[in-house]
Amino acid sequence: MIRVEGVSHRIGKADVLRDIGLTLPEGRITALIGPNGAGKSTLLSLIARLAPVQAGRITVAGHDVTTTPSAALARVMAILPQNAAVMSRLRVAELVAFGRWPHHQGRPGPADTAQVETALEAFGLLPLRHRFLNELSGGQRQRAHLAMAFAQDTPWLLLDEPLAALDMAHGRALMQRLAVLRDTGRSIVMVVHEINFAAAWADHVVALKDGRVAAEGSPAQVFTPDTLGRIYDMPLRVQEVEGRPLVLHHL
């Protein structure tokens, strides 16, 4: 599991996170939701050790993210940050292969090659494997970065707005792929902007507002008109479709 204990974070004079305490379950899809500026991406960055923990403690599968060596953490969690930047003259297959580095340390073997091929196929990238990244659309590049994280083959997968730039078909395909990973024992934590993806696919939801935990629980517990109205400061209608909540925020 991931434990977040008493975590606070400041950027300049702004309090971005305030005394966050959470336990994120294993073998589940956990969605982090909330309005802009709520602290979702900051919290994920701290868990992923993309930013230093200023106050409090975070452990991932028992590993303290502040003190555990990077090589050890890379075998426990894979990370896809927002706006991941790499050299534009890198080919798709080369980018995806970087996900295997924590395992082979520069000496790839047949198992690494097989995992890269699986990742390329899983994200529909086989026809694009020899294309340079700067020749791809934004959605295609996003899928390539997702495939790299997938190829890392870690127990935990941390994704910051992975649905950004994906069309409807690829967005649903991604969530289906994540559900398969969950069903095989992997654990996913993802920042989700479109809350209906969280409502339809997540097992556990953490809602942040003003740097604090505003709600936590199953989609049925969090996605209610009263709770969402408090989080997003607007009236919202919620219906049930096939046993899952559907938020009518466009109306």
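**Close-up views of a predicted model**

**Figure 1. Asp153 lies in the loop between α6 (138-151) and β7 (156-160).** The model is predicted. Phi of Asp153 is near 55°, which is a positive value in a residue that is not glycine. Most residues other than glycine have a negative phi. Asp153 counts as partly exposed because its relative accessibility is 35%, between the limits of 20% for buried and 50% for exposed.

**Figure 2. Ala165 sits in the loop between β7 and α7 (168-183).** Here too phi is positive in a residue other than glycine, with a value near 75° for Ala165. The relative accessible area of Ala165 is 56%, so this residue is exposed.

**Figure 3. The protein chain contains ten helices and twelve strands.** Its C-alpha atoms fill a box of roughly 50 × 40 × 35 Å along the principal axes. The radius of gyration of the protein chain is 18 Å, which agrees with the value near 18 Å for a compact globule of 251 residues. Of the contacts between residues at least 6 apart in sequence, 63% join residues at least 24 apart.

Figure 4. Buried residues account for 47% of the 251 residues. The accessible surface of the protein chain is about 12,200 Å², and 52% of this area belongs to carbon and sulfur atoms.

Key
Residues numbered from 1 in each chain as written. Predicted model: local features only at pLDDT ≥ 70, side-chain atom pairs only at ≥ 80, totals over all residues. Heavy atoms only, no water. Helix = DSSP H or I, 4+ residues; strand = E, 2+ residues; numbered from the N terminus. Rg over C-alpha atoms; globule rule 2.2 N^0.38 Å. Buried < 20%, exposed > 50% of the residue type's maximum accessible area, 1.4 Å probe, protein only. Contact = heavy atoms within 4.5 Å. Areas by Shrake-Rupley, 256 points an atom, 1.4 Å probe, with all protein chains shown as cover.
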